[in-house]
Amino acid sequence: MEMRRLGRTGRDVGVVGLGAWQLGADWGSVDEGEALAVLRTAVEGGVTFIDTADVYGDGRSERLVGQVLRSYDGLTVATKMGRRVEQVPENYTLANFRAWNDRSRQNLGVDTIDLVQLHCPPTPVYSTDAVFDALDTLVDEGWVASYGVSVETCAEALTAIARPNVATVQIILNAFRLKPLDQVLPAAREAGVGIIARVPLASGLLSGRYDEHTTFSADDHRSYNRHGEAFDVGETFSGVDFATGLEAVRRLMPWLPAGVTMAQFALRWILDQPGVSVVIPGARNPAQVAGNITAATLPPLTADQLAAVRETYDELIRPQVHDRW
C-alpha cells in the first residue's frame with residue numbers, strides 16, 4: 001500500500017486506514033468475533049493506521065483494537081478524548097486529560113498513545129492556550145507521542161492548524177463535503193499538518209448500496225441522529241438529506257470505471273486530493289475491509305471524473321452543507 005507522512009507525527013502510514021467507530025457502537029450490533037476479524041483483515045491487508053475513540057462503545061472499540069495491537073508490529077493507533085463528559089470548555093483540563101488518557105492507555109494496552117485527538121470539542125477550546133499547554137505536557141511526560149484534533153468545521157480546522165504542535169486534523173472529507181478543499185487542505189500542506197479524512201462514504205450513502213427502501217436499526221445513528229438529536233448532524237450522511245444523497249450517487253454511477261464499486265470510487269476521490277494523509281473508512285465485516293483497501297491500488301481519477309464529482313456537488317449538495325461546516 002502507498003505510504004504517506006502523517007503530518008507532524010513523523011510517522012508514515014498506509015493511505016487507507018480503518019475507522020473503528022462501527023466496532024464500538026452506534027452502527028447496529030457487531031459481535032466481538034466479527035469485530036476482531038475486521039481488524040485482523042485490515043492489518044493483514046496492509047492497513048497500518050487505526051482510528052478509535054474512548055467514547056465508541058464506552059471503551060469497547062479501544063479494547064478490541066488493543067487486542068489486535070498486541071499481535072502485530074508497525075501499527076499507528078489514534079484515539080480521541082473528550083466526548084464522555086458535558087461539552088463545556090471548562091472540562092478540557094490537564095487533570096481530565098490525564099484521567100481520560102490513563103483509561104485509554106489501559107484499554108489499548110500501551111504505555112504511550114501514538115496519537116490522541118480532541119474529539120470535536122466546543123469551538124472555544126481551539127483558541128484556548130491552556131488546552132494546548134496541557135497537551136504539550138502529556139507529550140513531554142510520555143503519555144502521548146503526538147496530538148491532534150478532530151473538527152466539525154473548516155474554521156475550527158484552520159484555527160487548529162495554526163497551533164505549532166498540532167500534528168493532525170481529522171475532518172469530514174468526501175464527495176459530499178468539498179469545502180475543506182478550499183482552504184483547509186492547502187493550509188495543512190503548508191504547515192506540515194496531516195489530514196485524516198473521516199466519514200469518507202457519507203455514512204454509507206457513497207457505498208451505492210442504499211435506496212429509498214433501506215432502513216437502519218434503532219441503535220444505528222442513521223436512524224436516531226438524522227436531525228442531530230444525539231450529536232452533530234454532519235456526522236450522519238455528512239449532513240446531506242438521504243433522498244438527495246441517493247440522487248447524487250445515481251448521477252455519479254455512470255462515471256465508475258469497469259469493475260470499480262461506488263465505495264472504491266469515492267475513496268479514490270479522497271486519496272487524489274493533495275494534502276490527504278490517510279482516509280479512515282469503517283467496516284462491519286472483512287469483505288468491506290478488503291473492498292476499501294482496493295481503493296489504494298486504483299489509478300487516479302481522470303479530469304472528467306473529478307469534474308463529475310464537482311458538478312454533482314455544486315448542483316445537489318452544496319446548498320445543503322457548504323455554508324454549515
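This text is a guided tour of a predicted model, stop by stop, for use with a viewer.

**Stop 1: helix H4**

Select residues 129–140, which form helix H4. This helix has 12 residues and spans 16 Å from its first C-alpha to its last, close to the 16 Å expected at 1.5 Å a residue. Next, colour Val131, Phe132, Ala134, Leu135 and Leu138, the buried residues of H4. Where do these buried residues fall when the helix is seen down its axis? They lie within an arc of 150 degrees, so they line one face of H4.

Now select Ala130 and Asp140, exposed residues on the face of H4 turned away from its buried side. To see what covers the buried residues, display strand E5 (76–81), helix H3 (94–108), strand E6 (113–119), strand E7 (144–150) and E8, which are included in that cover.

**Stop 2**

Select Cys120, in the loop between E6 and H4. Its phi is near 50 degrees, a positive value in a residue other than glycine. Is Cys120 buried or exposed? Its relative accessible area is 7%, and a residue under 20% counts as buried, so Cys120 is buried.

Move to Ser238, in the loop between helix H7 (221–224) and helix H8 (242–252). Ser238 also is not a glycine, and has a positive phi of about 55 degrees. With a relative accessibility of 0%, Ser238 counts as buried.

**Stop 3: the second largest pocket**

Select Arg226, His227, Val233, Thr236, Phe237, Gly239, Val240, Asp241, Phe242 and Arg324, which line the second largest pocket. The volume of this pocket is about 160 Å³. Its lining comprises four nonpolar, three polar and three charged residues.

**Stop 4: Thr159**

Select Thr159, in helix H5 (residues 154–161). This residue is partly exposed, with a relative accessible area of 31%. Which residues does Thr159 touch, leaving aside those up to four places away in sequence? They are Tyr126 and Ser127. Tyr126 is 33 residues from Thr159 in sequence, yet their C-alpha atoms are 6.4 Å apart in space.

**Stop 5: the cavities**

Rolling a probe the size of a water molecule over the atoms shows where empty space is left. How many cavities of 30 Å³ or more does the structure hold? There are two.

The largest cavity has a volume of about 60 Å³. To find it, select its lining: Glu152, Cys154, Ile171, Ile172, Arg177, Lys179, Pro180, Tyr313, Val321, His322 and Trp325. Strand E8 (166–172) and helix H11 (303–321) are the elements that give two or more residues to this lining. By class, the lining of the largest cavity has seven nonpolar, one polar and three charged residues.

For the second largest cavity, which holds about 30 Å³ of space, select Val16, Gly17, Leu18, Val47, Pro281, Ala283, Val289, Asn292 and Ile293. Helix H10 (residues 286–294) gives the most to this lining, with three residues. The lining of the second largest cavity has seven nonpolar residues, two polar residues and no charged residues.

Methods. Residues numbered from 1 in each chain as written. Predicted model: local features only at pLDDT ≥ 70, side-chain atom pairs only at ≥ 80, totals over all residues. Heavy atoms only, no water. 1 Å grid on protein atoms, 1.4 Å probe; cavity = no way out; pocket = protein on both sides within 12 Å on 5 of 7 lines; lining within 4 Å. Points joined across faces, edges and corners; volume = space filled by probe spheres on them. Helix = DSSP H or I, 4+ residues; strand = E, 2+ residues; numbered from the N terminus. Nonpolar A, V, L, I, M, F, W, Y, C, P; charged D, E, K, R; others polar. Expected span 1.5 Å × (residues − 1). Buried < 20%, exposed > 50% of the residue type's maximum accessible area, 1.4 Å probe, protein only. Arc of directions from axis to C-beta. Contact = heavy atoms within 4.5 Å.
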